[in-house]
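Hi there,

Here is the structure I promised to pass on. Have a look at it first, and then read my notes below.

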Amino acid sequence: MLIIGTHISIAGGIAKTAENVVKMEANTMQIFSRNPRGSNFKIPSEKEVEEFQRIRQEYHFGPILAHAPYTMNLASAKPEVYEFACEVIREDVERMDALGIENIVFHPGSHTGIGTEAGIQNIIGGLNQAITEDQNITVLLETMSGKGTEIGFQFEELKAIRDGVKYPEKVGVCLDTCHIFSAGYDIVNHLDKVLEEFDEILGLSLLKAIHLNDSMMPFASRKDRHATIGDGEIGLEASLNVLKHPKLQGIPVYLETPLDDAGHKEEIKMIREHLKM
Ligand code: FE
Ligand code: FE
Ligand code: ZN
C-alpha cells in the first residue's frame, strides 16, 4: 500500500492536523518541528497528544516526518548561528521523539565559505550533541539541490556525515526528487542508475522518506524551486516511475508541492488513480 501525505501546517494543533490528514485521504504527514523561520514552538496539551495518537492509530498512519526549520544551519562557522542550530536540533529531536514521531529531517546546511569538509565536521558535532542512545527517532539528512554553498547535494557528502556521527544507526536519508534532479541526478532518464549509485554509496536501507516534488528548474541547475507533480521539468511519468520502482516500495512519500490542503487532496487522488494503489 502506498504511504503518502503532504507537508501540512500544525497551526491548528497536532490533533486537528491529523484530522485534516484523514480528510485529505492521506495516511501520513510532514510537519514542521517548530516555526520554520524562527524559534517558536507550541507544546501541545496532554489531551491533545492523546487525541493525536488515537487518530494516527485508528487510521493506520505510516511513519510521520518532522522537518526542522530551514533557517537552522549546522554547517555554519559563525558561533552564534552554530550554537543556535545545535540548540534547535537537540530540542527538536527530543520533542519529536517524545511525541512518537518516527523521523525528523533537516537540511544539512551551507558552509558559507569555510569549505565542505569543515562544514561537515560542524554538522557531525551538532548531531552528536542531539542524538542520544535511548531515542527511537531517526534523524534524516535531506538530499539537497546544491544552491550556493549547500552541503548534501552529492550522496558522498551525506555518507561522510553519517560515517562521522557517534550513532550512525540513528541517521538515515530523505530523498527529495526535485533536489536530486536539480543537483544533477537524472531520475527522468536513468532512475535505475541513480538508485544503484545511492545503494552503492549510502545503501538503500538508509532511505526512510521520499519528498516527491516536481522541479520548476531544469536538470542540474542547482536551483531549488518546487513544482506540482506533472507541471515541472521532471514530469508526471518520471514522478510515477519513482513511486512504482520495485526498490522503493514501502518508503513513505511526502508531497511538498506549492498547493493548499484542497489542492494536495486532489494531487494525492490523481497519483493514486495513476498507480491504482
Ligand atoms: Fe526540506
Ligand atoms: Fe524536501
Ligand atoms: Zn526544496
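A charge sits over a ring if NZ of Lys or CZ of Arg is within 6 Å of the ring centre and within 35 degrees of the ring normal. With that in mind, and remembering that this is a predicted model, look at Arg 95: its charged end sits over the ring of Phe 41, at 3.6 Å from the ring centre. Arg 222 makes a contact of this kind with Phe 153, its charged end being 4.0 Å from the centre of that ring.

An iron ion (ligand 1) is 5.4 Å from the zinc ion (ligand 3).

The two histidines also connect separate parts of the chain. His 179 belongs to helix H6 (residues 177–183) and His 226 to strand S11 (residues 226–227), so this pair ties together parts that are 47 residues apart in sequence. Both His 179 and His 226 are buried.

Next, the aromatic rings. How many aromatic pairs does the structure hold? There are 4. One of them joins Phe 32 and Tyr 70: the ring centres are 5.4 Å apart and the planes stand at 90°, so the pair is edge-to-face. Phe 32 is in strand S2 (residues 28–32), while Tyr 70 is in the loop between strand S3 (65–67) and helix H3 (79–98), so the pair ties together parts 38 residues apart in sequence. Phe 32 counts as buried because its relative accessibility is 15%, and buried means under 20%. Tyr 70, with a relative accessible area of 46%, is partly exposed.

Phe 155 and Phe 198 form a further pair, with ring centres 5.1 Å apart and planes at 75°, so this one is edge-to-face as well. Phe 155 lies in helix H5 (residues 155–164) and Phe 198 in helix H7 (residues 191–201), which makes it a link between distant parts of the chain, 43 residues apart. Phe 155 and Phe 198 are both buried. Ring pairs also bring in Tyr 185, giving a cluster of Phe 155, Tyr 185 and Phe 198.

Best wishes

Key: Residues numbered from 1 in each chain as written. Chains lettered and ligands numbered in written order. Predicted model: local features only at pLDDT ≥ 70, side-chain atom pairs only at ≥ 80, totals over all residues. Heavy atoms only, no water. Donors = N, O, S within 2.8 Å, 3.2 Å for Na, K, Ca; no water. Helix = DSSP H or I, 4+ residues; strand = E, 2+ residues; numbered from the N terminus. Buried < 20%, exposed > 50% of the residue type's maximum accessible area, 1.4 Å probe, protein only. Phe/Tyr/Trp six-rings, centres within 6.5 Å; stacked < 30°, edge-to-face > 60°.
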